[in-house]
Amino acid sequence: MFKDVAEYFIRIIFPPRCIFCGKPLDIKTRLEICSLCYNSIPFVSEQYCEQKLMAFAKNSIDRIICLCKYSGIIKSSLIRFKFYNKPGYYRTFARLLAERIQNMTDLNNIDIIISVPLHKRKKNERGYNQSLLISRRLAKELGIAEMSRLLERTKNTRSQSLLKNRNERYLNVKDAFLVNNSEQIINKTVLLIDDICTTGFTLEECAGALKKAGAAKVIGAVIAG
């Protein structure tokens, strides 16, 4: 049941609860979501993902895999996960996203997983990079190498959610990312992980840096968009 022995013992001490409503769950549950809340998740279709990609301003991302709409219980839980010190949510988000990725693509065609990086200053303030937590768990779930260390955020950008319009969001992340070891990127298909995708500018800038370093293909995968 548990790939991680440490997780098993943590659950004995701290029994799992639904990340949405807090309801106590069975210790063996794979997803920390009660059945009622699961039925309230705004999952999206493959067609929705295709439409999302078409709305992007550039062509750096070859494909987008999106799990849910950024609304309802997903929106409120992602805000808690990102800004209110709930890093433990990563396990459930990663498992949900892993199922979607397995259903939408051939894992044999993906070489490495990389998460959207935080600037060191912001990571120190928050204490963790929520996208990196998801990325590392996905690597275990999918059996793909996790190599987020290869991508850096060189500018301490403002939070995209605080900016008013598309142009501000674009300029905020423009040229903000850099690959530090191109040799490990060349000709690779990269699964690029973030928690939320609205305009797509952050994913596009990351993908642009990866393509510039020689990546053959970049597939974006997000919890909500």
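How many aromatic pairs does the count come to in this structure? The count comes to 4 aromatic pairs, and the model in which they were computed is a predicted one.

**Aromatic pairs**

- A pair of aromatic rings is described by the distance of the centres and the angle of the planes.
- For F81 and F93 the ring centres are 5.4 Å apart and the planes stand at 50°, so this pair counts as tilted.
- Taken together, F81, Y89 and F93 make up one aromatic cluster.
- Are F81 and F93 buried or exposed? Both F81 and F93 are buried, and for F93 the relative accessible area is 0%.
- Y89, the remaining member of the cluster, has a relative accessibility of 11% and therefore counts as buried, because the cut-off for that class is under 20%.

**Helix α5 against helix α7**

- Two packed helices are described by the angle between their axes and the distance between the axes.
- Helix α5 packs with helix α7 (residues 130–142) at an angle of about 50°, and their axes are 9 Å apart.
- Because of that angle, α5 is oblique to α7, and the crossing in which α5 passes α7 is right-handed.
- On the α5 side the contact is made by Y90, R91, F93, A94, R95, L97, A98, I101 and Q102, while α7 contributes L133, I134, R137, L138, E141 and L142.
- Sorted by class, this contact of α5 with α7 has 10 nonpolar, 1 polar and 4 charged residues.

**Helix α8 against helix α9**

- The axes of helix α8 (residues 166–173) and helix α9 (residues 201–212) come within 9 Å and cross at roughly 30°.
- That angle makes α8 roughly parallel to α9, and the crossing of these two helices is right-handed.
- R166, R169, Y170 and V173 of α8 make the contact with F201, T202 and E205 of α9.
- By class, the contact between α8 and α9 has 3 nonpolar, 1 polar and 3 charged residues.

- Although I219 and I61 are 158 residues apart along the chain, their C-alpha atoms are separated by 6.1 Å.
- Not counting residues up to four places away in sequence, I219 touches R63, I65, T105, I110, T189, V190, L191 and L192.
- Where does P42 sit? P42 lies in the loop between α2 (35–38) and α3 (46–54).
- Its contacts, leaving aside neighbours within four places in sequence, are with L67, C68, K69, S71 and I74.
- P42 and L192 are 150 residues apart in sequence, and from C-alpha to C-alpha they are 22 Å apart in space, whereas L192 is among the residues that I219 touches.

Note on methods: Residues are numbered from 1 along each chain as its sequence is written. This is a predicted model: local features need pLDDT of at least 70, side-chain atom pairs count only at pLDDT 80 or more; totals for chains, interfaces and linings use all residues. Side-chain values use heavy atoms; hydrogens and water are left out. Axes are lines fitted to C-alpha atoms, for helices over the stretch in contact, and angles run from 0 to 180 degrees between N-to-C directions. Helices (H or I, at least four residues) and strands (E, at least two) are DSSP runs, numbered from the N terminus. Angles under 35 degrees count as roughly parallel, over 145 as roughly antiparallel, 65 to 115 as roughly perpendicular and the rest as oblique. A crossing is left-handed if the near helix is turned anticlockwise from the far one by less than a right angle, and right-handed if clockwise. Contact means heavy atoms within 4.5 Å. Ala, Val, Leu, Ile, Met, Phe, Trp, Tyr, Cys and Pro count as nonpolar, Asp, Glu, Lys and Arg as charged, and the others, Gly among them, as polar. Rings of Phe, Tyr and Trp (its six-membered ring) pair if their centres lie within 6.5 Å; planes under 30 degrees apart count as stacked, over 60 as edge-to-face and the rest as tilted. Buried means under 20% relative accessible area, exposed over 50%, partly exposed in between (1.4 Å probe, protein chains only).
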